[in-house]
Amino acid sequence: MNFLAHAWLVSAGSDDFLYGNLIADGVKGRDLSDWSTATALGIRHHRRVDAWVDSHPSVINARRRAPAGQRRYAGIALDMVWDHFLARDTAGQAHQEAIIERCYRLLSTRNAPNRLAGMMPILVEQDWLRGYADFAFTCRAVAGIGQRLSGPNQLAALVPWLYDDYHALEGDFQTLWPALMAELSHQDRFPS
């Protein structure tokens with residue numbers, strides 16, 4: 001899951017908890033003592049969700065379908081593709097709009113970790129959370145993230161596969177999202 005999906009999953013939580021979920025990929029290590037308690041809980045929640053998603057059969061199968069040379073990077077692309085399907089399916093809904101505006105407010109008024117500091121203003125300015133509804137935009141974002149990695153842009157190399165596998169990926173998401181929502185409804189599984 002990427003920014004939008006994580007925000008959807010915790011939209012009823014506090015701003016600090018939501019913020020922790022939004023910045024978690026930019027926070028390294030287990031020591032979260034520099035963060036408020038609620039933000040640290042959000043970071044941990046994000047990590048638990050990612051671990052659950054990465055081990056889900058739909059995600060494992062999608063990764064297996066990725067081209068062998070880029071399979072190692074497929075998880076990054078898939079996280080963004082899941083945001084595409086969520087954004088597409090919920091575009092214009094009042095709840096979606098409220099979540100996006102709240103995320104942009106938090107990301108505009110709080111400092112992101114160094115690893116995300118340069119990306120967050122661009123994410124807000126270019127309206128990525130709404131933009132994900134357009135698959136071409138999502139694929140450009142995937143390729144753009146790949147430019148931040150060292151070496152050849154392996155994420156850009158995945159884009160043709162994303163287009164070719166679109167319908168299968170959509171089916172994966174249609175299985176994954178309800179399963180994740182059901183899993184999260186068990187508060188003992190993902191305490192916040």
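Modeller: Keep in mind that this is a predicted model. Look at helix α12 to begin with; what covers its buried residues includes α1 (3-9), α3 (37-54), α4 (57-65), α5 (74-90), α10 (135-147) and α11 (154-164).

Colleague: Which residues of α12 are called buried, and what makes them so?

Modeller: Buried means under 20% relative accessible area. In α12 the term applies to Tyr 166, Leu 169, Asp 172, Phe 173, Leu 176, Trp 177, Leu 180, Glu 183 and Leu 184.

Colleague: How do you know on which side of α12 they lie?

Modeller: Around the axis they take up an arc of only 130 degrees, so they are on the same side of α12.

Colleague: What span does α12 have, and what is expected?

Modeller: The helix covers residues 166-184, which is 19 residues.

Colleague: How many helices and strands does the protein chain have?

Modeller: There are 12 helices and 0 strands.

Colleague: Why is the chain called as compact as a globular protein of its length?

Modeller: For 192 residues the globule rule gives 16 Å, and the radius of gyration is 16 Å, close to the rule; therefore the chain is as compact as a globular protein of that length. The C-alpha atoms fill a box of roughly 40 × 35 × 35 Å along the principal axes.

Colleague: What share of the chain's residues counts as buried?

Modeller: With the cut-off of under 20% relative accessible area, 51% of the 192 residues count as buried.

How values were computed:
Residues numbered from 1 in each chain as written. Predicted model: local features only at pLDDT ≥ 70, side-chain atom pairs only at ≥ 80, totals over all residues. Heavy atoms only, no water. Helix = DSSP H or I, 4+ residues; strand = E, 2+ residues; numbered from the N terminus. Expected span 1.5 Å × (residues − 1). Buried < 20%, exposed > 50% of the residue type's maximum accessible area, 1.4 Å probe, protein only. Arc of directions from axis to C-beta. Contact = heavy atoms within 4.5 Å. Rg over C-alpha atoms; globule rule 2.2 N^0.38 Å.
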